[in-house]
Structure formats: C-alpha cells, structure tokens
Amino acid sequence: MQRLAIPTLCIILGCSSGQEAEQPIPQPVPAESAQTVETPYGDLGQVQGYLNSINPFIQEVGKIHLEVNKAVGTSGQATTANLALAMVKGLPRLKAAIGQFEEIAPPLLLNPLHTDIKKLMVLRLNAYKATINNWNIEKQGGHLDSALVVKVENTLREANELIHKLNEQMSQVNLAMEKASSPPQTASP
C-alpha cells in the first residue's frame, strides 16, 4: 500500500496548475512587514509600545521627586529631617518602580535611554537611603556626617543633570515618532 501511495503523491505534485514552470510562484507577504513603519529607533509600533510602558514609571518617579521637594516647604531650607521624612515615604515606591522597570525590555536602539532612566532612579534611591541613614544617626544623638551630606547633594545634582539629558533624548524620540507617523508630503501638479 505504501508503494502505491508514493507514485500517486508524485503524480499529484507533478501535475501543473496551469502555470508554466518558468513563471515564479507568488509568495505571500506577511501582513506585519507590509505595514511596518520604521523610525531611527526601530519599528514605530514597538517604540510606541515601549514609550507607553515606561510612561507610568516616569510619572511615578516625578511624583516622588515632587513630594520630596515639597518637604522643603516655604522656608526653602532643606534639612536632613524634612527631606528624610519625605524620602521614607517615597523609598518603597521608588524601589518598587525600579523592580518593575527592570522587567521592561526596550527596543535595541532605545537601550541607552532605558539605561539612563534606570540610572536616574538608582541615583535617587541611593541619595534617599543615605539621607535616611544620616537622619537616623542624627536622631540617635550622633552628628551628621558632612561628607555624606555632600555626597547626597552631589548624587541628587547628578540625577537632576541626567533629567536634562533624558528630556533631550525623549524629545528626539518623540520627534522621530511624529515624522514616522506623518504621511509623506507630495507635491501636487
């Protein structure tokens, strides 16, 4: 029975469907590649999806920073005590945000942006921890470690400088997204 099936299969495959052997058989084009729009950072859909996924983290880090800044109050004087109280409240949220942010896989060409965002978050986390630690020492009757205070100030300054870099990077990505999503302009006769 198997011997009969093989020649029959050969006859079926050998039959022509009306196309000559010299004509190429059209190949289907995957729907995804036909509608892919590229940006300098990768596929438009992937880049937009990535931006949508990181937006809540950017907002959360901004809210935490705003709450810490509000702790300074109208006096405009940042003390270890008033900052530490706000940082204690924000610390668990910042840790959670970093943990969840690490689970996001950026498009390859947006990896530097992703790394910088994480760096900003970690800089703030380290500054918050150091401030809280210094405050705990002060509460127990110890003296503030002035070197640690300077280190915290420098870390927060570095984070703030990184914000400017991130804003520039995000501006470039958003501009590229706008260009890629706009239909090309053609001159009419």
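Predicted model: local features only at pLDDT ≥ 70, side-chain atom pairs only at ≥ 80, totals over all residues.

Me: Is Arg124 buried or exposed?
Reply: Arg124 is found in helix H5, and its relative accessible area is 3%. The cut-off for a buried residue is under 20%, so with that value of 3% Arg124 is buried.

Me: Which residues does Arg124 touch, not counting residues up to four places away in sequence?
Reply: Arg124 is also 9.7 Å from Arg157, C-alpha to C-alpha, although the two are 33 residues apart in sequence. For touching, however, what counts is heavy atoms within 4.5 Å. With residues up to four places away in sequence not counted, the residues that Arg124 touches are Val61, His65, Leu94, Ala159, Asn160 and Ile163.

Me: In what order do the elements of the protein chain run from the N terminus on?
Reply: The protein chain has six helices and two strands. Read from the N terminus on, these elements follow the order α-α-β-β-α-α-α-α.

Me: What percentage of contacts between residues at least 6 apart in sequence join residues at least 24 apart?
Reply: The protein chain has 189 residues, and buried residues make up 32% of them. Turning to its contacts between residues at least 6 apart in sequence, the share that joins residues at least 24 apart is 78%.

Me: Which residues in H5 are met by residues in H3?
Reply: H3 passes H5 in a left-handed crossing. On the H3 side the residues are Tyr50, Ile54, Ile58, Val61, Ile64, His65 and Val68. The residues they meet in H5 are Leu113, His114, Ile117, Met121, Arg124 and Tyr128.

Me: What about H5 and H6: are they roughly parallel or roughly antiparallel?
Reply: Helix H6 covers residues 146-181, and H5 packs with H6 at an angle of about 160°, with the axes 9 Å apart. H5 passes H6 in a left-handed crossing. Since angles over 145 degrees count as roughly antiparallel, the relation between H5 and H6 is roughly antiparallel.

Me: Which residues are in contact with Leu120, leaving aside its neighbours within four places in sequence?
Reply: Leu120 is found in helix H5, which covers residues 111-139, and Leu120 is buried, with a relative accessible area of 8%. The C-alpha atoms of Leu120 and Leu166 are separated by 9.2 Å, while the two residues are 46 apart along the chain. Leaving aside neighbours within four places in sequence, the residues in contact with Leu120 are Ala159, Leu162, Ile163 and Leu166.

Me: Which residues is Thr155 in contact with, leaving aside its neighbours within four places in sequence?
Reply: Thr155 is found in helix H6, and at 14% relative accessibility Thr155 counts as buried. Once neighbours within four places in sequence are left aside, the contacts of Thr155 are Leu123 and Ala127.

Me: How are the rings of the aromatic pair arranged?
Reply: A search of the whole structure finds one aromatic pair. Its rings belong to Phe57 and Phe101, with centres 5.7 Å apart and planes at 75°. Because planes over 60 degrees apart count as edge-to-face, the arrangement of Phe57 and Phe101 is edge-to-face.

Me: How many residues apart in sequence are the parts that this pair ties together?
Reply: Both Phe57 and Phe101 are buried. Phe57 lies in helix H3 (residues 44-70) and Phe101 in helix H4 (residues 80-101), so the parts that the pair ties together are apart in sequence by 44 residues.

Me: Which residues does Pro107 touch, not counting residues up to four places away in sequence?
Reply: Pro107 is in the loop between H4 and H5, and Pro107 is buried, with a relative accessible area of 13%. Its C-alpha atom is separated by 7.3 Å from that of Tyr50, which is 57 residues apart from Pro107 along the chain. Not counting residues up to four places away in sequence, Pro107 touches Tyr41, Gln46, Val47 and Tyr50.

Conventions: Residues numbered from 1 in each chain as written. Heavy atoms only, no water. Helix = DSSP H or I, 4+ residues; strand = E, 2+ residues; numbered from the N terminus. Buried < 20%, exposed > 50% of the residue type's maximum accessible area, 1.4 Å probe, protein only. Phe/Tyr/Trp six-rings, centres within 6.5 Å; stacked < 30°, edge-to-face > 60°. Left-handed = near helix turned anticlockwise from the far one by under 90°. Axes fitted to C-alpha atoms, helices over the stretch in contact; angles between N-to-C directions. Parallel < 35°, antiparallel > 145°, perpendicular 65-115°, else oblique.
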